[in-house]
Amino acid sequence: MLEQLQIKNLTKRFGTVIANDRVTFDVRRGEIHCLFGENGAGKSTLAECIYGTYRPESGAICFNGELVEFNSPRDAIQLGIGMIHQHFVLVPPLTVLENIIVGTEDAKVLLNTQKAENKFKELCARYELKLNSHAAIWDLSVGEQQWVEILKALYLDVKFLILDEPTAVLTPEESDKLFRILNVMKRQGISIVLITHKLKEVMQSDRVTVMRKGKIVNTVDTKSTTREQLTHMMISSEIAVQGLKKQINSESTVVQIKKLDVRGPRGGYAVKDLNLTLNSHEIVGIAGVAGNGQKELFETLVGIQSPESGEVWLDTEDITHWSPAEILAAGVGHIPQDRYREGLIGQLSIVDNLLLGMHRSPRFAQRGFLDQERVRAFVQEQVDQFEIVAPSIDTVVGNLSGGNAQKVVLARELFQASVVLLANQPTRGLDISIADYVHRQLLEKRKEGYAILLASEELDELIKLSDRIVVMFKGQIAGEFDAENPDLEQIGLLMAGGNL
Amino acid sequence: MNWAKIRLERRDEVTWAWRLFCFLVAILGTLLVTGILISTAGKEPIEAFKELFIGAFVGIDSIVETLVRATPLILTGLAAVVAFRAKIWSIGQEGQLVLGAIAAYWASIVFEGLPRIIVLSGVICLGFVGGALLGVFCGWLKARYRVDEIISTVMFNYAIFYLLTYLLSGPWQPPGDFYVQSAPVIEKALLPNLLQDTRLHGGLFIAIVVAIIVYILIKRTALGYEIRAFGSNPIASSFKGIKPTRMLVVVMLISGGIAGLAGTSELLGVHGRLNTDIAAGAGYTGIIVALIGGLTPLGTVIAAVLFGAMVNGGFMMQVITGVPKSMVFAMQAITLLFFLCSTLMSQYRIKRVTEDV
Amino acid sequence: MSEFFTETIVISILAAMVRIGAPLILAAIGELIAERAGVINLGVEGMMLMGCFLGFFVTFETGSILAGIGAAMVGAMLMSLIMAFMAITLRLEQFVTGLALNLLASGLTLFWFRSLLKTIGSTQPNIDLLEKAPIPFLSDIPYLGIIVFSHNWLVYLAILSVPICSFFLYKTKYGLELRCLGENPRAIDMKGLSVAKRQYLAVLFGGMMAGLAGAFISVGSSIRFVPEMTAGRGWLAIVIVIAGNWQPKWILVAALVFAFLEAFQMHVQAVGINFPYQILLALPYVVAVIALMHRRARSRAPASLGVAYSRSS
């Protein structure tokens, strides 16, 4: 039978969010099939349903012609399904061999390392991999670590392998090597599903399925489509052209970022040699899939992270190594990417959350004592102004809806900021009306003269709001565009690493 | 076997009625289990509880004694409240109490010749400082060397105790004396009595004042706000300028100092001399009191009185029914466990799930 | 002072070191396994105390030391079952649970001691000490024979537990799974293995060892029980795991260092040297703190220690 995997009308929900919406999808035996789309399109969720990590609410999964229901990855593994996750599931202090054989049916009690070594050597030979079985994972390069992940699956005689954004952290050479390995696997009859947002990889597949916002857009033969067509399918086809934004002339340069280098969590550079200016009365949009250094850039600007080298100037002051408190006092506001972890204190009330950062300012605190009346009056004002829906201002923020919680962050940051606003994915997970509200607030501040840096994965949002759009890819600015008439195809290409 | 197929979901609404119900269930459970425990010791539970209550609350003398027993617990409980609110898990109240008492005793010797007012304020201040120093030291160890505060504080509990025994069998033991204790504290340094001819002493006054101060601190000051914010989400707090290092040092200073006051109160209000019984587990009991009191000053005071009642009533209970008064300590721990479960019950719903979670 | 360091005394100190180190080793190895699974068990002190009391009590009532040791292990395991349930299934704050268990053990053992054993009176109940079992031939080796090979069998068990634990961790399939568990439970979960089951078993094992260690303190080295007899050794076990960088052989070394301090202190007191012995008594605790200050650059603490695992997190 041609189809090894068939999925019909699969729906997966997380609370009120529909991650996969009636997905119908199939994979043929021995093909390389790409799942293509932006972050949040639902690709990973679909993969985890196939692998047994999640149970879909409805829909059918057929593997090798038989209906299957997985309670855990164990069931999927036993049928020969393997998955390599975006964030490796390796144990860093342990060796390559140990990571591969843990949990396999290799031995009753004693570890039979000899047998395992032999199989390891044989697999390495077949796939042309050079790995030292006794090396510890944390001594390996990222590319080598990925080979270990692949070997884990091969060791279990995988027949159907899913790879989730495998080249996100690889260099071009490592990516090429990966594809050579995948092609060897394909020749061995292993079916491969490759989740990616990079066009270069998609073009090397047999078929590609495009997903957007939880739904399947289309499945096409790769040979019969073009990059442009695919980009078009991935990005929303209706770009709302709106006259909300009026042309304003920037008066001065407010923020200057020079040659910024920031280390990332895995040791490599999250931001490399980045140069950017922000002017007053201006919104600069950063386009790019999350994970290309936006977080580290913002954290450096806010003062949480210190860059390895480079400078950040606010007006005439060098704020490169300033603390968060100092930067806050200088009038820089920050709407963080992860609102619950970095922006809000879920267990505290709206009052307490709006006060955060201003709790020692003379406006609210005299000699260490908080003027509760003033604070509450202020909070009530903000709640009214921003139309925050809540039973009272003492409601715990964790109980608010996502949109209202974000409004709390917004109200606070817009109030505290006086010159600069840093907004990182400010409308993520919010519905249209609240997103619109956020947009209007940002445009308002732009009119007032703020310099605003906006990072977003939604191109329409960026086009709607920005004066200029820069594309960030792997920690660098890949290109800059005028937002009046943006070359969408070019932007999409750069976001997907197209020029490399 | 289903090892993990349970998920806890936060309840949307926690009504007063439900909270009260859970609280009553906890009390009932405690009485039940403790009753069983008493029966296994061959005694009558109901008798025992009756005498416990009488001994704690019936008659002026009983009430006074209950309050005297509660006083150190109020203070050590408050010390724990301040620390735990910042999610700093200091369990060193016992050691800080002792060091506070040591400092207060030393102060009483040093200030001997001075007028009463100065002596009294001096010993109280130094008692605070003694506990505060130990607290700050542990806070600093965490900030600078990442030494877990749970371990450092508990280790010092033991070490300080040995310091105490050293002092009491060496430099501070009156020459020729046989007992391991110090000379009596000078009259001037003793805390005044609140009620004539009773044991009710100024320490209770100090405890209540500190409770009020802690209340004001948490509710109305910028520092109290920072403590609450830091304890609930240190990451978001650091984005807004609340530095972890500063929190560690300041919170531990206050917490240690309050525990030091507990030692001062016991020394100058109850014992009148420094001996090895000065703490008698008040540090650890204070932690239970704080947890049961919901980490609030008022709750702590109430729980402290309750626990003080238990300890006091235990004496009567032992005399009349023969149930050892140490049953009270078991009861206190059981109360804690039931309380933890009932808090869980009131805030979360237990759900069984089909898939592994 | 030089008269102190005679040959006999040194050998005596070293022999005492091994004997005093035994319960520390047992408890630490148990805690190591639990922590390697990712669960930090702060209730070790309480479990040890429970084991200490139950060991004494059951031995006293039944006359059988074996029954006492068995009861100690069971009692401690029951406590660790509570710990496991609250930490793994309910995913509660591990600190509070551990502390509550400590306080529970304190209260219960004190109460049972006073109520079940007629201690209000002049005679203290006591039991026969576990007999020494010198190993034939080996115990005749000069010096080493006395230091290592002339103890009771619980000491031998403690010493053996180190290589056994090492063997388990590094040479068996389950040991490998355990090592992965504490570092990255998701790795185990994504291989289709049950994280919760393995964590439960590890915590139960830790409880059992704590119970055994507690039993040793009463049954194995003393003829009576005193409230709070464990005197912080459970906490020291936690420190020993950290100081030993989560590896069996270094845990053995760390345990012996602490044991040496106590053995040294005992002998100083016995010999009657004019030295404030309280300083020596306090020494282990202070050394523990100092040891924690000097964490190695690459601490081998299990990366996921203390974090309740959930697939959706």
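User: How many residue pairs are in polar contact across the interface of chain A and chain B?

Analyst: A polar contact pairs an N or O atom with another one within 3.5 Å. Across the interface of chain A and chain B there are 13 such residue pairs, both at pLDDT 80 or more. The model is predicted. Helix α11(A) gives the most to the side of chain A that touches chain B, with four residues.

User: What is the count of salt bridges between chain A and chain B?

Analyst: The count is three salt bridges. In one of them, the side chains of Arg360(A) and Glu226(B) meet at 3.0 Å, N to O.

User: How much area do chain A and chain B bury between them?

Analyst: Buried area is what two parts lose on being put together. Here chain A and chain B bury about 2,500 Å², with 56% of it on carbon and sulfur atoms. Leu356(A), His359(A) and Arg360(A) supply 19% of the area that chain A buries against chain B, more than any other three residues. In terms of contact, 33 residues of chain A meet 26 residues of chain B.

User: Now the other interface. What area is buried between chain B and chain C, and what share comes from carbon and sulfur atoms?

Analyst: About 4,300 Å² is buried there, and carbon and sulfur atoms give 81% of it. The count of salt bridges between chain B and chain C is zero. Three residue pairs are in polar contact across this interface, both at pLDDT 80 or more.

User: Is Thr71(B) buried or exposed?

Analyst: Compare its relative accessible area with the cut-off: under 20% means buried. Thr71(B) has 1% relative accessibility, so Thr71(B) counts as buried. This residue lies in helix α3 of chain B, residues 60–85. Beyond its neighbours within four places in sequence, Thr71(B) is in contact with residues including His201(B), Leu204(B) and Ser265(B).

User: Which residues form the nonpolar patch on the surface?

Analyst: Ile60(B), Leu194(B), Leu195(B), Phe205(B), Val209(B) and Ile213(B) form the patch. Together they have about 570 Å² of accessible area. Helix α7 of chain B, residues 202–220, gives the most, with three residues.

User: Where does Leu195(B) lie?

Analyst: Leu195(B) lies in the loop between α6 and α7 of chain B. Its relative accessible area is 38%, so Leu195(B) is partly exposed.

Note on methods:
Residues are numbered from 1 along each chain as its sequence is written. Chains are lettered from A and ligands numbered from 1 in the order in which they are written. This is a predicted model: local features need pLDDT of at least 70, side-chain atom pairs count only at pLDDT 80 or more; totals for chains, interfaces and linings use all residues. Side-chain values use heavy atoms; hydrogens and water are left out. Patches are made of residues with over 30% relative accessible area and no salt bridge: like charges are joined within 9 Å, nonpolar side chains (Val, Leu, Ile, Met, Phe, Trp, Tyr) within 5 Å. Accessible areas come from the Shrake-Rupley method with a 1.4 Å probe; for residues, only the protein chains shown count as cover. A salt bridge is a side-chain nitrogen of Lys or Arg within 4 Å of a carboxyl oxygen of Asp or Glu. Helices (H or I, at least four residues) and strands (E, at least two) are DSSP runs, numbered from the N terminus. Buried means under 20% relative accessible area, exposed over 50%, partly exposed in between (1.4 Å probe, protein chains only). Contact means heavy atoms within 4.5 Å. Buried area is the accessible area (1.4 Å probe) that two parts lose on being put together, summed over both. A polar contact is a pair of N or O atoms within 3.5 Å; within protein, one must be able to donate a hydrogen and the other to accept it, and residues adjacent in sequence count only if both atoms are side-chain atoms.
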